[in-house]
Amino acid sequence: MAEDYVIGQLAAIFFEKPEDYFKIMLIKVRQTSFKWADAEIVVTGDFDDLDENQIYKFTGQVVNHPKYGQQFKASHYQKDSPTDRKSLVAYLSSSDFPGIGVKMATKIIDRLGDSAIQKILTDPEAVHQIGLRPQLEKTLINQIKATYQSQTVVLQLNTWGFGNKMALKIYHHYGEETLELLANNPYRLIKDIPGIGFRRADHLAQELALSTDYPQRIAAGLWTALTAVIHAQGDTYVPQEVVITTALKLLNTGKKPALNREQLASGWQYLEDADAIVLQEKNCFPKYLYDSEWMIARQLKLLQQHFQKPKLTKQKFQQIVTQLEIKLDIHYDHNQSAAIKAGLENSLLLLTGGPGTGKTTIVNGLVQAFAQLHEYSLDPADYQDKPFPILLAAPTGRAAKHLFESTGLMACTIHRLLGLTGQEDVLPTEVGELAGSLLVIDETSMVDTNLFQLLLMAIPLGMQIVLVGDQDQLPSVGPGQVFSDLIASQAFTTVKLEKIYRQDAESTIIDLAHQINQNQVTPEMFKNYPDRSFIECNAQQVGPVLKQIMVKSQAKGFTLDQVQVLAPMYHGPAGIDHLNLELQQALNPVTDQAKELRFGDVVYHIGDKVIHLVNNAEANVFNGEIGTVVGITLATGKNQGDQIHLDFEGHQLDYSRADLKNIALAYCASIHKAQGSEFDLVILVLVRQQSRMLRRNLLYTAVTRARSKLIMLGNQSAYQQAIHDQLDTRKTYLQQRLQDVFELPTSPMAPSQEQVATEDYQLTLVKINQNQIDPLIGMEDVCPQDFLES
């Protein structure tokens, strides 16, 4: 089917989303390939910045919008180049080409013909035929390139199968060298352009007739295999054999002749030369994760070396504790007092414990004790012209809110503390230094390797750190298991809380959590109690049963934000996606008069419970936070698109249709997304069909989200499998790095590392790249302040 076109000038832009290049524009019509009576037409699509004085040709098709009638949906566009002699002379003698008048423009057309512009674009040396001064030649070439090169590149990318949006992203990343760079190595797109994977780059390489054993192709296959395993498993390295097997499957799918193991050598070499990977002891590390683990260990060592232990006598500490007990109307037992004292006396304290073990009590007491010891006021009003001495943060907004509620002091997400959005690529050296004396991080088990490195690089020498969490919960979504590795290294003072303090007389949820953690399955686990119950049902029955429970819970006074349904997987009849649609129909049914906004398979209504899927630092709403649809504004004219109005615990967001990818229904949420949050009533769904996801730490994390009531749905066998199936520890080297840097005995469980002979002092590039050379060698007693002018 032949595409239609519109030729015209930009009259107005009704709507645009710069990050996606999407625009809705009004175009003054000069010519169309179809019947069009009006002087203007609405054109939609993905476009770069357009010039109101330029004429464009838009290619695509006429569509009927349900509200606005006929519009033109453009798939491609380009500047409409003058091709007749009169237009060319007028163009080349315009103000865009200073120094070239009508006479000179005529001479250019005489020498190069009516295709002069295309000739200069494809062969700039063609201008030598005209006899212009060097400066005029340069002006002519540069202006034509500036005007037409981007569209030439985009059109070529279009022919290679990239839509306008992706083509513009590629062009803005590589600039005028785009086509040359991609012709030499199309696989660079995988690392440089989000949204392009190996298959897409491989298709382009096929268009360019590159061989299947092209070194960059092999390198891209190895890199894709490595990063796929890293992100799927959460490891910081992958056994080389696993990478080889995965890469060969990827590289040989649909390709002949098939590559063999020996042919991968060129790819390994290419990645090592590009400083993208480190090969060590038959393991393969992405270089950035390899460096991060070393940097974490060395930075913690540096912070410890420059920590000055406060003068805290036994008598002084007892005095502080006594004052706190009176002030807070509480009694600290010996273990709690010891934990508070450890936090006051150490550069870094690790505090871990399950639900009800008193982590919040200790954190609150420690913050108060720290302020008393150092004679700090905890009134923010006293710090108008200087930083507040105590910083509180957590990985998620909900966890930060809980920290604020427990201490009465301002808390924020780690990303906000560092001035980041969570979407940008930032180097550790680019993070600004924090100001304060004490930093407390809650829910540390959720912090991945990269974020922890960024945090450490922002901590000034002398600041004390308290990391709080539950090492038995799910590890971070991103690579690593930082909190567990810090504890396992035995390099830092660690307080493990086991005694249960917070439990009502009739509460059994905390007991259940500890039984799960201890791999105990008893008949009592599936009996009904005042605060928890179990309902046996298969995957097909979960939806109807769940709807009945939710309706009854509302009748008993539970609001939507107090209840949370949790499941481990998105697909299937007992998956998150299906259950969300079922619960939406039951709890927020559609009426004939209700406003709605469709996005893909989901139709949003006012009152819907939603979850935010990305960080939005500007609005102070972060990944995993749950909110409500409070309004929908449907478009009423050409200059306004549909909008959805959201409330996330007081933070208001107004999203256009294009932003709906940032939210999802949240009647049912994943257990991973719920980590760091608590709900009055948790309804947990586990069925046999989810067997590949069923792990003890997953079940433990889900159960510990319940504040007062827990209902378990599904198969007993699924719960039993989860309890018995303890996922292997993630593959990381952080524990080993810490033990090396702190010169501690290596744990038998830690990965071994090839030791460098102590008598070998020769500095080599290999040793530098593998972090075998201490960058602080000879500077043990030196700190950054020593270099400052007094």
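UniProt positions are given here in the numbering of this structure, with feature names shortened, and annotations may be inferred rather than shown by experiment. The model is predicted, so local features need pLDDT of at least 70 and side-chain atom pairs count only at pLDDT 80 or more, while totals for chains, interfaces and linings use all residues. Residues are numbered from 1 along each chain as its sequence is written, and side-chain values use heavy atoms, without hydrogens and water.

Select residues 149-237 to begin. An unreviewed UniProt entry places there the feature "domain: ATP-dependent RecD2 DNA helicase-like helix-hairpin-helix". This stretch is 70% helix and 0% strand (DSSP runs: H or I of at least four residues, E of at least two), and its end C-alpha atoms are 42 Å apart.

Next, colour the chain by its assigned domains (bounds from an automatic or database assignment): domain 1 (4-121), domain 2 (185-281), domain 3 (330-497) and domain 4 (524-724). The C-alpha centres of domain 2 and domain 3 lie 39 Å apart.

Then select Leu300, Leu418, Leu434, Phe452 and Leu455, which touch the most other members of the 45-residue largest nonpolar core. Such a core is a set of buried Ala, Val, Leu, Ile, Met, Phe, Trp, Tyr and Cys residues joined through side-chain atoms within 4.5 Å, buried meaning under 20% relative accessible area with a 1.4 Å probe, protein chains only. A second, separate core of 37 residues includes Val621, Ile644, Leu660 and Leu681.

Return to Leu418: beyond neighbours within four places in sequence, its contacts (heavy atoms within 4.5 Å) include Val431, Leu451 and Ala458.

Key: Buried < 20%, exposed > 50% of the residue type's maximum accessible area, 1.4 Å probe, protein only.
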